[in-house]
Amino acid sequence: MKNRKFLIGLVTTIFCIIGFANLNSKAVHASYLNGNSYTDMCTRYVKVIKPINVYKVTTGHYEAQNHFKYVGKLNKGHKLWISRWLMSTGSGWVIINSNKYYSSRRTFFFAHNPHSNRANWYKRIR
């Protein structure tokens, strides 16, 4: 009787270990974040009053995996659409313009003020 209980417990334990190992061995294929969903938040039309750095962002599987590449500066007088909030991973604004700053499934553009997180680089038009 004692050996039978031990054998049942051993077999149950082995099946549980095999079952949990199979659950963890399945690969999770998360899709990349969508650049178009970032730029959907650009609802504020502004005019640039101070030069600001612009980065092209390639999206990753999650926000911390986004890759930033410097592409230049926005000069005074430029008009574009920006987001109303700061991105948490870069302390900047998502931007879009029909000419140069676009969005796609994997990319969008990002304006970063290196001196502060204040919105002192633009003047709101609408």
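Guide: The model is a predicted one. Take strand β1, which covers residues 42-48, and begin with valine 46, which is located in that strand. Is valine 46 buried or exposed? Its relative accessibility is 0%, and because buried means under 20%, valine 46 counts as buried.

Apart from residues up to four places away in sequence, valine 46 touches His78, Lys79, Leu80 and Ile82, and also Tyr122, Lys123, Arg124 and Ile125. One of these contacts, lysine 123, is 77 residues from valine 46 in sequence, yet their C-alpha atoms are 5.5 Å apart in space.

Lysine 123 belongs to strand β7, residues 122-124. With a relative accessible area of 55%, lysine 123 is exposed, the cut-off for exposed being over 50%. Lysine 123 is also part of a surface patch of positive charge, where it gathers with Lys47, Lys76 and Lys79.

Next comes isoleucine 49, in the loop between β1 and β2, the latter being residues 52-58. Isoleucine 49 has a relative accessible area of 38%, so it is partly exposed. Neighbours within four places in sequence aside, isoleucine 49 is in contact with Lys76, Asn120, Trp121, Tyr122 and Lys123. Glycine 77 lies 28 residues along the chain from isoleucine 49, with 6.3 Å between the two C-alpha atoms.

Notes:
Residues numbered from 1 in each chain as written. Predicted model: local features only at pLDDT ≥ 70, side-chain atom pairs only at ≥ 80, totals over all residues. Heavy atoms only, no water. Helix = DSSP H or I, 4+ residues; strand = E, 2+ residues; numbered from the N terminus. Buried < 20%, exposed > 50% of the residue type's maximum accessible area, 1.4 Å probe, protein only. Contact = heavy atoms within 4.5 Å. Patch = residues over 30% accessible without salt bridge, like charges linked within 9 Å, V, L, I, M, F, W, Y side chains within 5 Å. Areas by Shrake-Rupley, 256 points an atom, 1.4 Å probe, with all protein chains shown as cover. Salt bridge = Lys/Arg side-chain N within 4 Å of Asp/Glu carboxyl O. Lys, Arg positive; Asp, Glu negative; His and termini not counted. Charge placed at Lys NZ, Arg CZ, Asp CG, Glu CD.
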